[in-house]
Amino acid sequence: MNHFQYKNGELFCEDVAVADIAKEVGTPFYLYSRATLNRHFQAFDSGFEGLDHITCFAVKSCSNVAILSLFARLGGGADIVSGGELFRALHAGIGPKKIIYSGVGKTEEELRYGLEAGILLFNVESEQELQRLNRVASEMGVTAPISFRVNPDVDAKTHAYISTGLAKNKFGIPIQEAVELYVQADAMEHVEVRGVSCHIGSQLTLISPFIEALRKIKAFVARLGDRGISIQYIDLGGGVGIIYDDEEPPHPKEYADAIREELSDLKATLIFEPGRVIVGNAGIMVTEVQYTKSNRGGEKEKHFVVVDAGMNDLTRPSLYGAFHAIQPVVEADGDPLVVDVVGPICETGDFLAKDRELPAVQQGDLLAVMSAGAYGFTMASNYNSRPRAAEVMVDGEQFEIIRERESMEALIRGEKIPGFLEK
Ligand SMILES: Cc1ncc(COP(=O)(O)O)c(C=O)c1O
């Protein structure tokens, strides 16, 4: 359930009319509902009540500091994948002992930053990263707490680009080879082995791949035990899917119950890295219709709705062919039409929806692109020199801009014309 609902034919976010926000903020903008963010965080976290666990929100899915700060207040930690995300998480008030660091390509500088901050765990993804981390920690005179991200070779049955737990994916260490790496790490002076982690993909709509991975992890932890290595943290990653269209993902409670059942005999702190399931349906993107046009002459007449948000603002449709429901902010009568909703970017791949039946819309109408809270703004770019959209949060009857629309000056910040061109 989310707090984007129609009242008398007008879309509201909690108790604020979306059109009123558009009037004040301009378009396009991302809009988040605080009540929905709260609700979804708690729906996930409370599933593990009574179990020792940390819900480390996947910062990559939605990284605005206001949202991170909200989760920090609800007791959440952070799953980060870059120095920039570490900076954001700390800035938002997330304690370092609730921060875990994933990712295949951590630089030396980033490892140093994580060590300085005193984060809970580095999820190490290769032998070379282990060597580097041990060296950097030794130079700093500290010990690095680690988990290895193991790749359990499980098919998450999701989109190929967001499947991460197969042997052919770049992530993690093959589970068959990982024991020897643990033994190697255990003997290192500046590394302390604490956990095991895995993340098999995103937008999973089935429970079975999670269970398959979990069973492999359990057997793996037992093998480590045989080698005298005990594990304090088991990190099961993120990945629970959401409804964009007609998917039927498991409810977070169902996911939690399945994990509870499987893990009842293990004594470890559980870590989760959910992103999409918490923020996906807690945010929308609002855009204004600029033009409508029809191209005749092809096999069939094609209708386009050109809006002021493009693939630079929300890239998921172009990148993955992802579906986002598109709804008018103010409901209108009129015959529906099958249209492509396209942006202003000079790419044929710049679309938000293809062959979609929409109620008749006109220039100046507002459209809400639903389920845009996850991997929406965080994947936005400045392509075509388009300033990035504003972000707004609603709380009951009030709203605040949580990120200003980018200015033209910001577009060229850091750029300069070299002196030699002036000669
Ligand atoms: C390591 C890791 N953890 C957590 C996540 C979050 O996944 P989701 O947003 O599907 O919960 C991802 C996303 O791909 C990831 O790569």
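Predicted model: local features only at pLDDT ≥ 70, side-chain atom pairs only at ≥ 80, totals over all residues.

**Entry 1: a covered strand**

I started with strand E5, which pairs in the parallel sense with strand E13 (residues 269–272) over 3 bridges. For me, two strands pair if DSSP finds at least two bridges between them. Strands (E, at least two residues) and helices (H or I, at least four) are DSSP runs, numbered from the N terminus. I noted that the bridge partner of histidine 53 in E13 is leucine 270.

Residues are numbered from 1 along each chain as its sequence is written.

E5 also pairs with strand E6 (residues 77–80), again in the parallel sense and over 3 bridges. Here alanine 58 has aspartate 79 of E6 as its bridge partner.

Next I checked cover. A residue is buried if 20 or more other C-beta atoms lie within 10 Å of its own, exposed if 12 or fewer, and partly exposed in between, with C-beta atoms placed from the backbone. Strand E5 (residues 53–58) has 6 of its 6 residues buried. In a regular strand the side chains alternate between the two faces of the sheet. On one side of E5 I found His53, Thr55 and Phe57, and on the other Ile54, Cys56 and Ala58, all buried.

**Entry 2: around the ligand**

I counted 18 residues around the ligand. A residue is near a molecule if its C-beta atom, placed from the backbone, lies within 6 Å of it. The closest are Ala58, Ser202, Gly238, Gly275 and Arg276. The shell divides into 5 nonpolar, 10 polar and 3 charged residues. Ala, Val, Leu, Ile, Met, Phe, Trp, Tyr, Cys and Pro count as nonpolar, Asp, Glu, Lys and Arg as charged, and the others, Gly among them, as polar.

**Entry 3: two domains**

I looked up the division next. Domain 1 covers 4–31 + 281–411, and domain 2 covers 34–276. Such bounds come from an automatic or database domain assignment. The C-alpha centres of the two domains lie 33 Å apart. I found 21 residues of domain 1 in contact with 18 residues of domain 2. Contact means that the C-beta atoms of two residues, placed from the backbone, lie within 7 Å. Which element gives the largest share of domain 1's side? Strand E20 does, with 4 residues. That side holds 11 nonpolar, 6 polar and 4 charged residues.

**Entry 4: an exposed glutamate**

Where is glutamate 301 found? I located it in the loop between strand E14 (283–295) and strand E15 (302–307). Glutamate 301 is exposed because 10 other C-beta atoms lie within 10 Å. Not counting residues up to four places away in sequence, glutamate 301 touches Ser294 and Arg296.

**Entry 5: the whole chain**

I ended with totals. The protein chain has 13 helices and 21 strands. Its radius of gyration is 23 Å, close to the 22 Å that the globule rule gives for 423 residues, so the chain is as compact as a globular protein of that length. The radius is taken over C-alpha atoms, and the rule is 2.2 Å times the number of residues to the power 0.38. Of the 423 residues, 46% count as buried.
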